[in-house]
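Reader: I would like to learn how to read a structure. Where should we begin?

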Amino acid sequence: MKQELLKSADASGSVTHKVLVVGLGGQTRKDHIPALMRRKDVKIIGIVDTNQALLDEYHLLIGVPVFTSLVDAIQTGMPDLAIVSVPHFEYSGILRTLAAHKIATLKEKPLAMTYQEAIEIINMYQDSDTYLQICVQRRFSKLYDTTKKLLDSIGRVYSVYVEYTMKLSAEDMASGWRADKKISGGGAALDMGYHSIDLLTYIFGTPDKVYAQLNYHSLDSNYTIDDTMKAMMTYRDGRINANLVVTKIFNQKNEKVRIFGSDGSIYVDERKVTLYDKDGVEMESHSFNFKTEEVDQQLSYFIEKSKKNRFDSRDRNLKDQLNNMLVIDSIYKSHDISQVIKLG
Ligand SMILES: NC(=O)c1ccc[n+]([C@@H]2O[C@H](COP(=O)([O-])OP(=O)(O)OC[C@H]3O[C@@H](n4cnc5c(N)ncnc54)[C@H](O)[C@@H]3O)[C@@H](O)[C@H]2O)c1
């Protein structure tokens with residue numbers, strides 16, 4: 001009933017969803033605001049950020065009301081949806097307020113900084129029976145949808161290799177909230193690796209075993225996060241072994257996946273997926289160049305699911321996100337105690 005009251009209708013009678021944007025950083029400006037502006041059924045009723053200068057600049061640019069207080073924004077604009085994209089340590093308080101007001105939430109990855117915090121966040125939304133979704137846009141891409149479908153062509157999968165690299169300088173590594181593990185929660189494994197781990201969860205489920213080693217001080221620079229993570233994992237009762245290499249300080253930006261099966265292999269390189277037969281002969285190849293499509297699909301899914309605005313305890317996506325946090329906690333633990341962690 002409340003949701004119905006909060007939604008407004010335009011002259012043609014179609015529903016306009018009232019969205020509050022929280023956090024006006026790089027990710028919001030690059031992906032979320034453009035995706036919102038591409039839709040006709042959405043109205044941004046306010047933007048919240050702690051940086052007044054940034055808010056003023058954006059207010060001039062797109063003419064949307066801006067706020068430094070989340071509660072003021074909620075009381076003024078009465079949103080029914082929120083998109084939240086802030087530094088990792090800032091989420092908890094913001095999500096508590098949104099859940100208390102029963103505002104359906106699209107939260108940027110990661111689900112949380114730790115598995116324990118992930119449980120607390122899920123409980124907030126479960127207690128208020130409000131919809132929560134985490135941004136993992138690769139799940140909405142044709143690239144990985146095609147990759148998943150091609151698995152039927154390579155027989156019994158036995159080995160996987162995933163590599164995700166960036167080329168950050170010593171200066172980049174030391175700048176901003178990401179440099180400090182206490183407020184970012186982690187670097188290569190949590191911040192970057194979240195996407196790769198989610199991809200493995202999406203395709204193969206949760207690993208049974210994890211062994212990982214991290215590098216913290218590869219560069220002589222002022223940061224406390226892991227700059228590089230290497231993990232070896234097994235899936236499906238040990239039948240599949242996977243290597244995951246994630247680093248912020250490689251010599252180039254790069255994203256690749258290799259999946260080997262008894263009848264062939266699948267290679268993903270950036271935006272291209274290729275199927276090879278067991279002799280290494282290329283069978284088919286597909287390129288998907290439009291990243292905006294997956295951000296749009298993710299937003300459409302969120303808006304559709306928010307119509308009921310209920311917490312769904314059987315939601316596959318959210319369960320997977322919780323599993324991702326279990327894997328990430330295990331990666332840090334495995335490094336700390338130099339042991340294999342069993343998850344099964
Ligand atoms: N899905 C992806 O591919 C992807 C890519 C990049 C970042 N991210 C995620 O997006 C989130 C934000 O990352 P970013 O790179 O945009 O960071 P950023 O530092 O560029 O932006 C963060 C913004 O939040 C604002 N902020 C800080 N505290 C706030 C508060 N209490 N209330 C409101 N605003 C506040 C800051 O002023 C800043 O404008 C992170 O969770 C990150 O992991 C996801």
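The ligand and its surroundings

Author: By class, nine nonpolar, ten polar and six charged residues make up the shell around the ligand. Ala, Val, Leu, Ile, Met, Phe, Trp, Tyr, Cys and Pro count as nonpolar, Asp, Glu, Lys and Arg as charged, and the others, Gly among them, as polar. This is a predicted model, in which local features need pLDDT of at least 70, side-chain atom pairs count only at pLDDT 80 or more, and totals for chains, interfaces and linings use all residues. Residues are numbered from 1 along each chain as its sequence is written, and side-chain values use heavy atoms, with hydrogens and water left out.

Reader: How many residues surround the ligand, and which are the closest?

Author: A residue is near a molecule if one of its heavy atoms lies within 4 Å of it. Here 25 residues surround the ligand, and the closest are Asp49, His88, Tyr91, Gln137 and Trp177.

Reader: What is the span of helix 12?

Author: Helices (H or I, at least four residues) and strands (E, at least two) are DSSP runs, numbered from the N terminus. The expected span of a helix is 1.5 Å times one less than its number of residues. Helix 12 (residues 316-337) has 22 residues and should span 32 Å; its end C-alpha atoms are 31 Å apart, which agrees. At its N-terminal end, Asp315 caps helix 12, with a side-chain oxygen 3.0 Å from the backbone nitrogen of Asn317.

Reader: Where is Met78, and what is its phi?

Author: Most residues other than glycine have a negative phi, and most peptide bonds are trans. Met78, in the loop between helix 4 (70-77) and strand 5 (81-84), has a positive phi near 45 degrees. A cis peptide bond joins Lys109 and Pro110, with omega about -5 degrees.

Technical notes: A polar contact is a pair of N or O atoms within 3.5 Å; within protein, one must be able to donate a hydrogen and the other to accept it, and residues adjacent in sequence count only if both atoms are side-chain atoms.
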